[in-house]
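Here is a short tour for a first look. Keep the view open while you read.

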Amino acid sequence: MYSTVLIRDIMTIRNHNPARPIKVAIIGGGPGGLATAIALDKVPNLEVVLYEKSAVLREVGAGISIGQNTWNVLGLLGVAGSLTSGHPTLTVLNLNGRTGEELTRAERQDKGRHTSIRTERTHLQAALLKHVKPGVIRYGKKLERIEDLNGAGVRMYFVDGSSDIADLVVGADGICSVVRDSAWPKYPLKFTGTTIWRALLPRSELKALDPRFDVTGWWHLPTSHVWFSPVGAGLSEIAAREYQDPEIHSASKSTWGVPVTNEYVESHFTEYLPQIQAAIKAIPTGAWREFAAFAGPELSQLTAWNNKIVLVGDASHALSGAFGSGAGFAMEDGWILAQSLALFGNDLSKALPLFDEIRLPYYARMYAYLEEQRLKRAESLGKIETPTEEDRVRSKVIGTGGKDMRWIYENDIGKAWGNALGRLGVESPGHVSSRLDDSHEVISAF
């Protein structure tokens, strides 16, 4: 069972200052937006509204990773027990896509309910939706732009011609965030040159083509890879990526989850092993979805407009899913935002700087790690006078095996919050920990 910071404990540091009423608008109904709505619902005197652009909430893509870090925040949100479908990813492979040579193998420990799994994105969404109160989500509300009203808050303008005002706007609208584009108009989001195609296929069909397809793994060529992983419910996912020079090839921001023909996807992977080509050809007509990968530089702040805008998830760190745990990061953001608001009685001028203080260094470390890995790959390849295709493939996976990544995949956001309270000199009887009991139940933070 969790030991958490209860509202009666933090009330003592407010010196009889009750939480002031505020309205918070969340833009985007992905995992980060839904988790933020769940966490904010527990904050006193706070009205939360989530604006979702689709008429019906739906997930695009195929699978999603749930590592220990994500289980930790799901537990704090009270959602962990609702996610019951998925497949353990205890073994992870990197292989040569032309020869089949195994390049690296990572074996993970089975941690019971905290075991890393791969599940369908729709299953995570359904688990979160169970915990969002009726009436919180407003559908068919695609954001067009936002306007700073100074002391009167932020006005949101929607494509349907309507508008609304909130004291705080949370940009949970993804890597191509409209909120970020409005508040950071010069942010240089760029197409990376990588295009991803995703689909699902019955697990038995993939396993029949090659037993190794039943193990989570990447099959590489120098500028592309094909990923296979079971996701539970008798299904496996295929995620195929190819890189092309972005100076020559361009992509539109609208290329996100759009259907593409089977022939088009197949044409990009003709150099792979025959069984990989067969797996790609086995995808049913119309099932492929295309995603253009975008990225942008590190932000110096995740808040703007005098603490009336805050970014969570991919909107705050445009890294194109580099660590495969974006949903977990987004949910951690939402949970920390809620704790910060409750701690300071909804005083945005204090709560949002604390959010920045906790989350900015974490994302800065991610950017630094990616740059370090880029330099290591270049150094490794530079030592070879005439690199072969096999050399170029091996250089892609140099970062795997040996690098301690527990700071990401075992991150305990509850402990991070407890550490922040310690820096503030706030004492609480047992700060948040991330140990789940057998029922996945938690004591609510508020």
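## A helix-to-helix salt bridge

Glu357 is partly exposed, with a relative accessible area of 39%. The model is predicted. Glu357 forms a salt bridge with Arg423, with 3.2 Å between the closest N and O atoms. This pair links distant parts of the chain, 66 residues apart. Glu357 sits in helix H10 (residues 348-382) and Arg423 in helix H13 (residues 413-424). Arg423 is exposed, at 52% relative accessible area.

## Other salt bridges

In total, the structure holds 18 salt bridges. In one of them, the side chains of Asp214 and Arg203 meet at 2.5 Å, N to O. Arg203 lies in helix H6 (203-209) and Asp214 in the loop between helix H6 and strand E14 (216-221), so the pair ties together parts that are eleven residues apart in sequence. Asp214 is buried, with a relative accessible area of 12%. Arg203 is partly exposed, at 27%.

Glu107 and Arg105 also form a salt bridge, their closest N and O atoms 3.3 Å apart. Glu107 is exposed, at 51%. Arg105 is partly exposed, at 46%.

## A buried asparagine

Asn94 belongs to strand E5 (residues 91-96). Its relative accessibility is 6%, so Asn94 counts as buried. The side chain of Asn94 makes a polar contact of 2.6 Å with the side chain of His220.

## Cavities

How many cavities of 30 Å³ or more does the structure hold? There are three. The largest cavity has about 60 Å³ of space. Its lining residues include Asp314, His317, Phe323 and Met366. The lining divides into five nonpolar, five polar and one charged residue.

Terms used
Residues numbered from 1 in each chain as written. Predicted model: local features only at pLDDT ≥ 70, side-chain atom pairs only at ≥ 80, totals over all residues. Heavy atoms only, no water. Helix = DSSP H or I, 4+ residues; strand = E, 2+ residues; numbered from the N terminus. Buried < 20%, exposed > 50% of the residue type's maximum accessible area, 1.4 Å probe, protein only. Polar contact = N/O pair within 3.5 Å; in protein donor to acceptor, adjacent residues only side chain to side chain. 1 Å grid on protein atoms, 1.4 Å probe; cavity = no way out; pocket = protein on both sides within 12 Å on 5 of 7 lines; lining within 4 Å. Points joined across faces, edges and corners; volume = space filled by probe spheres on them. Nonpolar A, V, L, I, M, F, W, Y, C, P; charged D, E, K, R; others polar. Salt bridge = Lys/Arg side-chain N within 4 Å of Asp/Glu carboxyl O.
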